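Hi,

Here is the structure I promised to send over.

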Amino acid sequence: RTVYVNGDYLPETEAKVSIFDRAFLMADGVYEVTSVLGGKLIDFDGHIKRLERSLNELDMPKPEAFDDLLDIHRKLVEINEIDEGMIYLQVTRGAASDRDFVFPDPEEVKPTVVLFTQNKPGLADSPAAKTGIKVISIEDVRWGRRDIKTTQLLYPSMGKMMAKKAGCDDAWMVEDGFVTEGTSNNAYFIKGNKIVTRALSTDILHGITRAAVLRFAREAQMEVEERNFTIEEAQGADEAFITSASTFVMPVVEIDGKAIGEGVPGTRAARLREIYLDESR
Ligand code: PDD
């Protein structure tokens with residue numbers, strides 16, 4: 001696989017970043033995951049806008065290559081012949097000359113930019129979308145700026161491991177009794193004709209897929225309510241689902257061992273997935 005590092009396209013085995021890179025030492029980096037369907041980038045503009053926002057919120061300098069990111073994405077898709085899959089983009093504050101908590105001078109230390117592709121044939125036609133996934137709930141102990149897409153993913157990784165140990169696929173995080181989001185996705189339930197999901201704030205990532213799906217839902221005459229909800233309320237719903245760039249709309253059929261509706265993917269979530277895939281391709 002060919003990857004991109006700071007202006008160079010290289011075989012992945014030859015790509016290098018410094019051990020002093022601040023993302024390696026301090027998780028001082030931000031990232032985006034953009035999906036590819038039929039060789040086409042999905043929601044690219046949304047991902048780039050959010051990247052810009054993440055950089056701003058962390059006072060991280062914009063990399064020189066910022067305006068070339070679309071071309072770089074396209075080139076990697078082409079070189080690696082990606083039909084269905086993902087592109088991972090990471091920007092870090094760069095490699096200072098030593099380990100120091102204080103940010104380096106942006107005149108001296110330039111951001112590190114890394115991109116690589118992940119080939120995922122069958123991503124759109126995923127078997128999991130037909131069976132639905134099972135989630136557990138865990139306490140949300142992440143930091144308070146979850147709206148910034150940083151590379152601090154240790155707790156989400158631990159959450160996925162807790163789910164796996166419990167024989168489930170993922171975890172929904174709960175803070176002060178209310179669901180925030182999934183470990184790497186936004187969380188929803190459907191009751192009647194109404195979709196409920198947590199409102200945007202610093203408590204959750206402002207999902208690019210979330211924005212698109214809520215727009216399509218409204219266009220399809222579904223009601224959308226952005227508010228706090230509990231695990232119990234979601235367990236009593238007709239349907240539940242998650243959204244992210246890597247899962248699109250994925251039905252949730254069980255929460256903490258309790259079946260949602262009939263315990264099979266609901267018709268509305270399936271329809272939203274269909275609309276999302278149709279509109280994106
Ligand atoms: N995760 N919430 C969290 C905590 C996330 O990490 C993500 C994305 C989302 C969904 O955002 P979007 O629809 O823009 O992908 C919500 C990516 C896919 C990941 O970490 O792999």
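Before the notes, one term: I call a residue buried if 20 or more other C-beta atoms lie within 10 Å of its own, exposed if 12 or fewer, and partly exposed in between, with C-beta atoms placed from the backbone. Numbering runs from 1 along each chain as its sequence is written. Keep in mind that this is a predicted model, where local features need pLDDT of at least 70, side-chain atom pairs count only at pLDDT 80 or more, and totals for chains, interfaces and linings use all residues.

The whole chain

The protein chain has eight helices and 15 strands; helices (H or I, at least four residues) and strands (E, at least two) are DSSP runs, numbered from the N terminus. Its radius of gyration is 19 Å, close to the 19 Å from the globule rule for 281 residues, so the chain is as compact as a globular protein of that length. That radius is taken over C-alpha atoms, and the rule is 2.2 Å times the number of residues to the power 0.38. Of the 281 residues, 40% are buried.

Two domains

An automatic or database domain assignment sets the bounds: domain 1 covers 2–119 and domain 2 covers 127–280. Their centres, taken over C-alpha atoms, are 26 Å apart. Where they meet, 20 residues of domain 1 are in contact with twelve of domain 2, contact being C-beta atoms, placed from the backbone, within 7 Å. On the domain 1 side, strand S3 (29–37), helix H2 (44–57) and strand S5 (85–92) each give two or more residues, and S3 has the largest share with eight.

Around the ligand

Which residues come nearest to the ligand? Of the 14 around it, they are Leu205, Gly207, Ile208, Thr209 and Ala245; a residue counts as near if its C-beta atom, placed from the backbone, lies within 6 Å. Helix H6 (208–219) and strand S13 (239–244) are the elements that give two or more residues to this shell, and the largest share, three residues, comes from H6.

H6 itself has twelve residues and reaches 17 Å from first C-alpha to last, close to the 16 Å expected at 1.5 Å a residue, that expected span being 1.5 Å times one less than the number of residues. Its buried residues are Ile208, Thr209, Arg210, Ala212, Val213, Leu214 and Ala217. Just after H6, glutamine 221 takes a positive phi of about 65°.

Cheers

Key. Contact = placed C-beta atoms within 7 Å.
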